[in-house]
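This briefing goes through a structure topic by topic. Keep the sequence and the 3D view open while reading.

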2 protein chains.
Amino acid sequence: MNKNISQDAYAAAGVDIKAGQEAVRRMRSHVRTARTKGVLGDLGAFGGLFRLPSGYSQPVLVSSTDGVGTKVRLAVGMGSYDTVGQDLVNHSVNDILVQGACPLFFMDYFATGKLNPLVAELIVKGLAKACRENQCALLGGETAEMPGVYHGEDFDLAGTIVGIVEKKLVIDGQRIRPGDVLLGLPSSGLHTNGYSLVRRILFQQMGFNLQTFIPELSLALGDELMKVHRSYLSVVQALLKKIRIKGLAHLTGGGWLENIPRILPSACQALIEKDSWPVLPVFKYLQDAGRLDEAVMYRTFNMGIGMVMVVARSEVDQVIQIVKTLREPVYQVGEIVKGPKGVHLV
Amino acid sequence: MNKNISQDAYAAAGVDIKAGQEAVRRMRSHVRTARTKGVLGDLGAFGGLFRLPSGYSQPVLVSSTDGVGTKVRLAVGMGSYDTVGQDLVNHSVNDILVQGACPLFFMDYFATGKLNPLVAELIVKGLAKACRENQCALLGGETAEMPGVYHGEDFDLAGTIVGIVEKKLVIDGQRIRPGDVLLGLPSSGLHTNGYSLVRRILFQQMGFNLQTFIPELSLALGDELMKVHRSYLSVVQALLKKIRIKGLAHLTGGGWLENIPRILPSACQALIEKDSWPVLPVFKYLQDAGRLDEAVMYRTFNMGIGMVMVVARSEVDQVIQIVKTLREPVYQVGEIVKGPKGVHLV
């Protein structure tokens, strides 16, 4: 009875406590699938508990917070909620992988104007799936119902990953030298950046909608744009067992031109050969449709390569060999030369 | 030149790269003030690096993600952006403190429709201030400009804290027994929960605005409602050096009735004496104005006590003594009795 009064008072204020309880119940079954041996205790505690793995002599935690940007609007438009969680976790895994870290756990933040327990469940289902695939615990999170801040079906999804690396194995790019080689691993599509620009070009300028079939892509736009941001964990971990990777750049917001310089020492320039990998059709299509300058493209998009690795020239053959055994493509996309720090496209 | 083309394309899509760069510059100066000795490397890396403190034999990480809820709308209404960051960090510190953890680092997520660098700076200034006060590093974060998701001046602010505790010192309530005593530390006001309900009562039902002066509170409503969520770190840490605290409950969303049961073992009931502490005027005012049932009040609000500690009766005098030396009030608010797990108000 008292509980109902409380629910009524809150419901009148736009906060649905029953929906919250149902969402928790639905989410919990998925979160349980993404436990790892480090997780202590159960859900419902104030904070999530994670026992640090042993065997590190100077353990360093690596953490990154990110969102999925305006890709959330496409999810709403598609009524497709089960992949943005994967986008977010995979993106986050890559962001700490570039410093050599293995994921330990992930914490999510899901906020919306009116909590729909089914949507919350699908979001968390995607988060849990990607966590399992990356051997990362989904340790906790927050589901916030915020009437007045989020409108209609709109929501936001963000999260924080925490990983670990031995201090002397942190990858920071400082050993990169002229003569080193840049190798690229393919992306699955747009990944998680540039969506405000993409929406403007395709929906506002071209007047398309998510159902528009694009012959050049052999797909409806919605299906192309919702392709899941992939994780590079398994490939990079396999390489790190055998190879010294000197630098790793995750090509997200800022594309090639802003992400590669983040790992370069001074007087090192990345010479990128643009035709050394297959540019995905979606990027060619966007460039034509939006009449975008090449520099805009390489400053915004991954162009078909989601992860760039810098290795000594002497190790290139072995890298290619190892990646091939994983049935993954890998492309030699450029080299490091002496010059002002930056990226030079040729 | 190319950069301008890029900026123009993005600006047309509602994303202002120049504003982003200015925001980063402004935020950076504040983030620098919240470094601790664990922080490795500088800003600009893909992930933040944090060296684990030594001296733990079985280190357990404790993590919590939270937002400030619809208190963000009040911040917009007041044009007052420098305290919600403090609310968020202090709230988070308390959420892991209840399991015995000391904060290591904090990661923030700030999202808005149109990035205003001055607002971003004030938000981060507040985050950094609270991080310094809690000896917690502001290790990194994400600033997202999401046109179409957030409207007008609206924004959202969330974050994740990571702390550490020795495994055998984790506080989980399992040693709580009938006869133990509940002690309460005062809150500063509403803290960070119940704001959707508060907005409905005061603004929709009563027709007040943020400038309305309320004689019973001796304050304008905006000033009352924006009072900063306080941290209990220093008091609880001082106690933990001398006392075995069996359970800690942070009274946030769910108030007394939902938070205290989270730490109770089965067959333990918390008997709470309602007139054992001074209920803050804001709660009396809200109860009258909203004609809210007592159960709603205790299920939603902290009623003037933000942290409840459960200790053995034999340690009560010492707790009171220690807290007094810190010039803090502390109230004996109830006791544990045998009975069905839950809270009984008397």
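Helices here are DSSP runs of H or I with at least four residues, numbered from the N terminus. On that basis, B:A295 belongs to helix α11 (residues 294-300) of chain B. The model is predicted. Chain A and chain B share an interface that buries about 6000 Å². Over all chains, the structure holds 22 salt bridges.

**Interface between the chains**

- In chain B, 75 residues are in contact with 75 residues of chain A.
- Carbon and sulfur atoms account for 65% of the roughly stated total, about 6000 Å².
- Polar contact links 14 residue pairs between chain B and chain A, both residues being at pLDDT 80 or more.
- Strand β3 (residues 59-67) of chain B supplies the largest share of chain B's side, with 9 residues.

- One open sheet has 6 strands in the order β1(A)-β2(A)-β3(B)-β6(B)-β4(B)-β5(B), with mixed pairing.
- Its edges are β1 (39-40) of chain A and β5 (137-145) of chain B. Each has a single partner strand, so one side of each is left without a neighbour in the sheet.
- Another open sheet of 6 strands runs β5(A)-β4(A)-β6(A)-β3(A)-β2(B)-β1(B), and its pairing is mixed.
- Here the edge strands are β5 (137-145) of chain A and β1 (39-40) of chain B. Each pairs with a single strand, so each has one side without a neighbour in the sheet.
- Strand β3 (residues 59-67) of chain A meets strand β2 (residues 48-51) of chain B through 4 bridges, and the two run antiparallel.
- Within that pairing, A:L61 has B:F50 as its bridge partner, and A:V62 stands opposite B:L49.
- Inside chain B, strand β4 (residues 102-112) and strand β6 (residues 155-166) pair in the antiparallel sense over 10 bridges. B:A111 stands opposite B:D156 of β6(B).

**Salt bridges within the chains**

- B:K71 and B:D87 meet in a salt bridge at 3.1 Å, N to O. B:K71 lies in helix α3 (residues 71-78) of chain B and B:D87 in helix α4 (residues 84-97) of chain B, so the pair ties together parts 16 residues apart in sequence.
- Are these two residues buried or exposed? B:K71 is buried, with a relative accessible area of 0%. B:D87 is buried as well, also at 0%.
- B:E335 forms a salt bridge with B:R313, with the closest N and O atoms 2.9 Å apart. B:E335 is in strand β13 (residues 331-338) of chain B, and B:R313 is in the loop between β12 (305-311) and α12 (316-325) of chain B.
- B:E335 counts as partly exposed at 28% relative accessibility. B:R313 is partly exposed at 46%.
- A:R230 and A:E328 form a salt bridge, their closest N and O atoms being 3.2 Å apart. The pair links distant parts of the chain, 98 residues apart. A:R230 is in the loop between α7 (221-225) and α8 (233-240) of chain A, and A:E328 in the loop between α12 (316-325) and β13 (331-338) of chain A.
- A:R230 is buried, with a relative accessible area of 17%.
- A network of salt bridges links A:E22, A:R26 and A:E121.

**Loop and helix residues**

- B:N193 sits in the loop between β7 (181-186) and α6 (195-205) of chain B. At 6% relative accessibility, B:N193 is buried.
- The side chain of B:N193 reaches two backbone oxygens: that of B:T300 at 2.6 Å and that of B:T252 at 3.4 Å.
- Beyond four places in sequence, B:N193 touches B:L251, B:T252, B:G253, B:T300 and B:F301.
- B:A295 is buried at 10% relative accessible area. B:A295 and B:V308 are 13 residues apart in sequence and 18 Å apart in space, C-alpha to C-alpha.

**Positive phi values**

- Most residues other than glycine have a negative phi.
- A:H191 has a positive phi, near 60°. A:H191 is in the loop between β7 (181-186) and α6 (195-205) of chain A and is buried at 0%.
- B:A267 also has a positive phi, near 65°. B:A267 lies in the loop between α9 (255-259) and β11 (268-272) of chain B and is partly exposed at 41%.

How values were computed: Residues are numbered from 1 along each chain as its sequence is written. Chains are lettered from A and ligands numbered from 1 in the order in which they are written. This is a predicted model: local features need pLDDT of at least 70, side-chain atom pairs count only at pLDDT 80 or more; totals for chains, interfaces and linings use all residues. Side-chain values use heavy atoms; hydrogens and water are left out. Buried means under 20% relative accessible area, exposed over 50%, partly exposed in between (1.4 Å probe, protein chains only). Contact means heavy atoms within 4.5 Å. Buried area is the accessible area (1.4 Å probe) that two parts lose on being put together, summed over both. A polar contact is a pair of N or O atoms within 3.5 Å; within protein, one must be able to donate a hydrogen and the other to accept it, and residues adjacent in sequence count only if both atoms are side-chain atoms. Two strands pair if DSSP finds at least two bridges between them. A salt bridge is a side-chain nitrogen of Lys or Arg within 4 Å of a carboxyl oxygen of Asp or Glu.
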